[in-house]
Each structure stands twice: as structure tokens, then as C-alpha cells.
Amino acid sequence: MIPQGSDIAGLVHVLDDDEHVRIALARLLRAAGFEVRTHASPASYLAEPATVSPCCLVLDERMPEVSGLEMQEALVREGSAVPIIFLTGHGDIPMSVRAMRAGAIDVLTKPVDRDLLLGAVTAAFARHATAVSGQQQLDEVKGRYGKLTAREREVFEGVSAGKLNKQVAADLDISERTVKAHRSQVMEKMQARSVADLVRAWELLQR
């Protein structure tokens, strides 16, 4: 199971096959007030139970079983929202570009600079909190949308496209009065106070 965050404020996962590096990073991060869990292999990290934010992963780029980039790609495919900070012993520009394009917070060179690492971890927590909040909002909107009838969804789409009641009525071959009734139900079920709220909900569902 891929972890989705932590219920402990500021959880940092450190994944590196070098024990000395794991120990050093754990000491540094704990001294700064963060909760730390160290992992010697990808399997150890992936076995972590799903929790809530904030959380991040400090990931070694070169490991014997799988590269850090391959690990990142796998996590992205699984839909993980946990931000990644790469550590590398080599100043590899193509690798850094690839990692950043895939969403990494930063790529830091070993031995890592304390301030750079702490700054990256802080940025990672902020991004993860935003991602988790956005996912929770999307889940709530999807839940409300799931309560709409097929006809209400059609009216919802029409209203969100900026169409007037009479235009929606013509499109669906129903009366304008019926459209108004469905629209009222859509507003109530989607917990929308205005058409603008409906439009924002529709746009969120299209992402």
C-alpha cells in the first residue's frame, strides 16, 4: 500500500540503501522536530499503512533494486500524492530535469546541506497539504454528484455550460418548468449556493 500522508505532524520517510545516510538524515530531521521513518528498500516504504498529511519522501536516486526515478514513476502511476525530495551523489542534470518534470520538490546532492533539506521538506509538506485538501474536496463533490439522477446530471451540465433554462429545456426536449425543478434539486444536492458554485463543481469533476 502506498502511503498517503501521516497523522503525525511532519512525517518524513527516508528511503536510502546506505545505513549511514539513513542514520545521519534521521538525526538531522528529528533534531529539526520532524517525525522520521527510515527505509532500506522500496518494499519497506510501500508496506507503510496509508495515513493522513503532512508527509514527504526523501528518496535516494541510486539503489540496487530500483532507481529513484523508477520508484517515482511507479508512485505517480499509483496516484500517490506524497511529494518526493531526491538525494543524489552525482550532479546529473538530465536526471534532475526528469525528476522535477515528474513533480519532485527538489534534487539535492550528497552530502546534503541541512538548510536546503529542511527548506525542501517544508515545501513538500505545504504541497502535500494542498494536494490532500484538493483530493478531499474532489471526493466530496463526486459523492454529491453520485446522488444526482441522470436527468439532473444533464441539467447540471447544461447550466454549468452557461445555458439559460429555456435553452436547456430545448436541448433536453422538456419544459422550462421541469428544468427549473431539476435545477433546484441539483443546487440542493450539490450544496451549491449559486450558479458559480455549480460551475466550479463541474470544472472540478472534469479534472
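**Labels and the values behind them**

Leu59 stands opposite Phe86 in strand 4. The model is predicted.

Q: What makes strand 3 and strand 4 a pair?
A: Two strands pair if there are at least two bridges between them. Strand 3 (residues 55-60) and strand 4 have four bridges, in the parallel sense. So they meet the definition of a pair.

Q: Why is strand 4 called largely enclosed?
A: Buried means under 20% relative accessible area. In strand 4 (residues 84-88), five of the five residues are buried, so the rest of the structure largely encloses the strand.

Q: How do you know that both faces of strand 4 are covered?
A: Look at each side in turn. Ile84, Phe86 and Thr88 are on one side, and they are buried. Ile85 and Leu87 are on the other, and they are buried too.

Q: Is Asp60 buried or exposed, and how do you know?
A: Buried means under 20% relative accessible area. Asp60 has 4% relative accessibility, so it counts as buried. Asp60 is found in strand 3. UniProt, in an unreviewed entry, places the feature "modified residue: 4-aspartylphosphate" at Asp60.

Q: Why is Leu75 called buried?
A: Its relative accessible area is 4%. Leu75 is found in helix 3.

Q: Which residues line the second largest pocket, Leu75 among them?
A: The lining is Gln72, Leu75, Val76, Gly79, Ser80, Ala81, Val82, Pro83, Ile84, Ala102, Gly103 and Arg127. Helix 3 (residues 68-77) gives the most, with three residues. About 200 Å³ of space lies in this pocket. Two of its lining residues, Leu75 and Arg127, are 52 residues apart in sequence and 16 Å apart in space, C-alpha to C-alpha.

Q: How does the lining of the second largest pocket divide by class, and what makes a residue such as Gly count as polar?
A: There are seven nonpolar, four polar and one charged residues.

Q: Which residues line the largest pocket?
A: They are Gln137, Val141, Arg144, Met190, Gln191, Ala192, Asp197, Leu198, Arg200, Ala201, Leu204 and Arg207. Helix 5 (114-145) and helix 9 (195-205) are the elements that give two or more residues to this lining. The largest share, five residues, comes from helix 9. The pocket has a volume of about 240 Å³.

Q: How many residues of the largest pocket's lining are nonpolar, polar and charged?
A: Six are nonpolar, two are polar and four are charged. Asp, Glu, Lys and Arg count as charged.

Q: What makes the phi of Gln191 worth a remark?
A: Most residues other than glycine have a negative phi. Phi of Gln191 is near 55 degrees, a positive value. Gln191 is found in the loop between helix 8 and helix 9. Its relative accessibility is 57%. Exposed means over 50%, so Gln191 counts as exposed.

Q: Why is Asp173 called exposed?
A: Asp173 has 71% relative accessibility. The cut-off for exposed is over 50%, so the label holds. Asp173 lies in the loop between helix 7 (165-172) and helix 8. Phi of Asp173 is near 60 degrees, again a positive value in a residue other than glycine.

Q: Why is Lys180 called partly exposed?
A: Buried means under 20%, exposed means over 50%, and partly exposed is in between. Lys180 has 48% relative accessibility, so it counts as partly exposed. Lys180 lies in helix 8 (residues 176-189). Lys180 and Val155 are 25 residues apart in sequence and 9.1 Å apart in space, C-alpha to C-alpha.

Q: What kind of peptide bond joins Lys110 and Pro111?
A: The bond is cis, with omega about -10 degrees. Most peptide bonds are trans. Pro111 is in the loop between strand 5 (106-109) and helix 5.

Q: Where are the two domains, and how many Å separate their centres?
A: The domain assignment gives domain 1 (11-133) and domain 2 (148-206). Their centres, taken over C-alpha atoms, are separated by 44 Å.

Notes
Residues numbered from 1 in each chain as written. Predicted model: local features only at pLDDT ≥ 70, side-chain atom pairs only at ≥ 80, totals over all residues. Heavy atoms only, no water. Domains from an automatic or database assignment. 1 Å grid on protein atoms, 1.4 Å probe; cavity = no way out; pocket = protein on both sides within 12 Å on 5 of 7 lines; lining within 4 Å. Points joined across faces, edges and corners; volume = space filled by probe spheres on them. Buried < 20%, exposed > 50% of the residue type's maximum accessible area, 1.4 Å probe, protein only. UniProt positions renumbered as here; feature names shortened; annotations may be inferred.
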